[in-house]
Amino acid sequence: MSRTHFNILVVDDDRSLLSTMEIILKDHGKISVANSVTQAREILQKQPMQLIFLDILLPDGNGLELLKEIKESHPATEVVMLTAIKEIDRAVDAIKNGAHDYLTKDFSPEEIHILIDKIHQKQRQQRELTFLRSEVAEMTNKEMILGDGPKSREIRELLAKVANLPASVLIEGESGTGKELLARAIHSQSPLREAPFITIHVASLPSNLVESALFGHEKGAFTGATQQRLGKLELADGGTLFLDEVGEIPEDTQIKLLRFLQEGEIERIGSNRTIKLNVRIIAATNRDLLQLVKQGGLRQDLFYRLNTIPIKLPPLRERREDITALVNLFLKRYCNNFGKNPMCLSNTALKTLIAYPWPGNIRELEHLVERLVAIHDKESIDELDIPLEYTLMGTEALDEIEQQAGKQANGDYLKTATAIFERNLIDKVLQKTGGNRTKTAKQLGIPLSTLKFKLQKLGIKKKHKELAE
Ligand SMILES: Nc1ncnc2c1ncn2[C@@H]1O[C@H](COP(=O)(O)OP(=O)(O)OP(=O)(O)O)[C@@H](O)[C@H]1O
Ligand SMILES: [Mg+2]
């Protein structure tokens, strides 16, 4: 089995025990031995240990004293007391003082292997917990920008009102509009803020596991249920459950969820015991749920229960006035994360981003800013640094198409749009190559003669009078 090896110290004045331990432990890590408190201290000063086996009665002192010192200076070090059978009471005291466990001196090698496996398991769980805590902290600490535009203001006002009500909330919005962030904001402004906020991403679960993820199961409830597992509803008791992609819940699970919403009761799969729970539900969806109800994908009664308070998060293109503040927030975040000096966007760069339609909404904007910060090492990011795909089809271009196509008798939209697209693209590449037509043609993958023809036809020539060959 591949696992991380420990630095292990064994402290005992019985030399034969030390050599037995060295043999048993040899596959578990690098072993050091000490036969007195003094020697153990010397070794510990040179090298921190992950695991220490510690005798209680030592010639120059007491193992329990040393345990306290170790736990104070290296709290993560695991200590296992070695005891004679008659000292078990003291070993129990040692555990109260932070020892992981004790071994009586008639131990078998197998006992030691099991004990070390358990320590590995414990450390793995601790790492997972630390990771999860940091994830939660990251999400909880995220600032939410809601500007002064009419749509954002409306959401801000709703948020303040809704947070204090125990009712279910349904957040609707395209992908990346901030549904999860809003759900967390509601929770953290509500009286439940100290209670858990639990998330379940329904769409990321296979449909046969959604029910057990929500309601939990008993050991042996179905094939593969080797252990009892608490459902997310139970974990959220007293707090909030964020039900992401609620439109994806399978039909039989919908009935159970409805029952919970009506009666506040659940049963774990494989159990008859009814459990009363108090959980506030915030659901989210990027689908049109009413449509889904009509198609038979979602129970109508469940829809009405969930939809007590609906909040619609607008796509970013309908709250463009927030883009500047969002860009600044993300610039700050990623300059910080990447350890870079503060950066800003030039006015024209910002204008380009304000004009772009943002199909991936705020998440897409965040990723773009992250990318810009990652690849550039300058103070001000210019329009030319913005990747082409963000610059060509902004709303300004769309407005121009409308106008121009509108002027024509038969409103030839596609032709006009294609021409404007082509012109903008060529213009852009010309800027990048400093007006060099040969390089521009090469980048565009067309012959120079075709480029010259297009320049003339699309009226670019006038703008770039001094074009280099
Ligand atoms: N108003 C906002 N202010 C600041 N950051 C935001 C805002 N809205 C969204 N974000 C950021 O955009 C990213 C996407 O947000 P979130 O995960 O909440 O979106 P979502 O609507 O749940 O998306 P999906 O439907 O894809 O799950 C997150 O990194 C979030 O921090
Ligand atoms: Mg989400």
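First, some housekeeping. What you see is a predicted model, in which local features need pLDDT of at least 70 and side-chain atom pairs count only at pLDDT 80 or more, while totals for chains, interfaces and linings use all residues. Residues are numbered from 1 along each chain as its sequence is written, and chains are lettered from A and ligands numbered from 1 in the order in which they are written.

Let's start with the open sheet whose five strands come in the order 2-1-3-6-7, with parallel pairing. Strands (E, at least two residues) and helices (H or I, at least four) are DSSP runs, numbered from the N terminus, and two strands pair if DSSP finds at least two bridges between them. Strand 2 (29-34) and strand 7 (101-104) sit at the edges with a single partner strand each, so one side of each has no neighbour in the sheet. From one strand to the next, the twist averages 20°. Angles like this run from 0 to 180 degrees between N-to-C directions, using axes fitted as lines to C-alpha atoms (for helices, over the stretch in contact).

Now zoom in on strand 1 (residues 6-11), which is joined to strand 2 by six bridges in the parallel sense. Here F6 has G29 in strand 2 as its bridge partner.

Contact here is between residues whose C-beta atoms, placed from the backbone, lie within 7 Å.

| Helix | Strands touched | Direction angle |
|---|---|---|
| Helix 1 (residues 15-25) | strand 1, strand 2, strand 3 (51-55) | about 175° with strand 2 |
| Helix 3 (residues 63-73) | strand 1, strand 3, strand 6 (78-83) | about 155° with strand 3 |

Strand 9 runs parallel to strand 12 (residues 240-244), and five bridges join them. I198 stands opposite L241 in strand 12.

**Around ligand 1**

Ligand 1 is surrounded by 18 residues, the closest being I145, S175, G178, K179 and E180. A residue counts as near if its C-beta atom, placed from the backbone, lies within 6 Å. Helix 7 (179-189), helix 13 (323-337) and helix 15 (361-375) each supply at least two residues of this shell. Domain 2 (165-313) and domain 3 (317-390) both contribute residues to the shell, so ligand 1 lies between them; the domain bounds come from an automatic or database domain assignment.

Terms used
Two residues are in contact if their C-beta atoms, placed from the backbone, lie within 7 Å.
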